[in-house]
Amino acid sequence: MKSTTKKLVSCALCIAIGVLLPMAFHVIPNAGSIFLPMHIPVLICGLFCGTPYGLACGMITPFLSSMTTGMPPAMILPQMMIELAVYGLVTGLCSKYIPQENEMSKLYMSLIIAMLAGRIVNGFVNTFILSTQGYTLSVFMTASFITCLPGIIIQLIVVPILVRILNKTGNPQLDRVD
């Protein structure tokens, strides 16, 4: 029971950070799409708490943020909810099923696979939603890999380090049973 409670509290904390952190970035024009601050706590939640918590965090965070701050705007909310849900789901699955002994290797593999999966799913969703509005492969590549390159780099540096710290600081009893 303690493990479930800790995971719920950790997930709730990630959701709260996912709502608050982007507010600091939105004082800079287009900073959300450049630095991807909402992605960080969702990725951490999936890696640290596991699949169902990461999935929930990925769906709830953008929804709550949109309802309380207006960001993301309603027009892109569905795509963000799906993309972040995929991040949380895939990081949780990868961290559980990738047979890698080295913790940092496993974290990086999980993170990179999830980041690619989320962007690919987002591309498909946008293709169907925005197909009449000029959504092209070029637009997808620019939005998913070029504009947000600083955010991708931040995620690759910060997320594995924070998850490793979380895993080592008094929480080894968190079982990874999802």
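The sulfur of cysteine 45 lies 3.8 Å from the closest cysteine sulfur, that of cysteine 11, which is too far for a bond. A disulfide is taken here as a pair of cysteine sulfur atoms within 2.5 Å, and the structure holds zero of them. Cysteine 57 is likewise in no disulfide, the nearest cysteine sulfur being that of cysteine 45, 4.2 Å away. Cysteine 45 counts as buried, at 0% relative accessibility, and cysteine 57 is buried with a relative accessible area of 0%. Buried means under 20% relative accessible area, exposed over 50%, and partly exposed in between, with a 1.4 Å probe and protein chains only.

The model is predicted: local features need pLDDT of at least 70 and side-chain atom pairs count only at pLDDT 80 or more, whereas totals for chains, interfaces and linings use all residues. Residues are numbered from 1 along each chain as its sequence is written, and side-chain values use heavy atoms, with hydrogens and water left out.

Cysteine 45 is one of the buried residues of helix α3. Helices (H or I, at least four residues) and strands (E, at least two) are DSSP runs, numbered from the N terminus. Helix α3 is mostly covered, with eleven of its eleven residues buried; among them are His39, Pro41, Phe48 and Cys49. Glycine 50, which follows α3, has a positive phi, near 110°.

The axes of α3 (residues 39–49) and α5 (residues 77–97) come within 7 Å and cross at roughly 30°. Axes are lines fitted to C-alpha atoms, for helices over the stretch in contact, and angles run from 0 to 180 degrees between N-to-C directions. The two helices are therefore roughly parallel to each other, a label given to angles under 35 degrees. On the α3 side, the contact (heavy atoms within 4.5 Å) is made by His39, Val42, Leu43, Gly46 and Leu47. Helix α5 contributes Met80, Glu83, Leu84, Tyr87, Gly88, Thr91, Gly92 and Ser95. By class, this contact has six nonpolar, six polar and one charged residues. Ala, Val, Leu, Ile, Met, Phe, Trp, Tyr, Cys and Pro count as nonpolar, Asp, Glu, Lys and Arg as charged, and the others, Gly among them, as polar.

Valine 90 is also placed in helix α5. At 14% relative accessibility, valine 90 counts as buried. Apart from neighbours within four places in sequence, valine 90 is in contact with Ile113, Ala114 and Ala117. The C-alpha atoms of valine 90 and serine 110 are separated by 7.5 Å, the two residues being 20 residues apart along the chain.

Definitions and conventions. Parallel < 35°, antiparallel > 145°, perpendicular 65-115°, else oblique.
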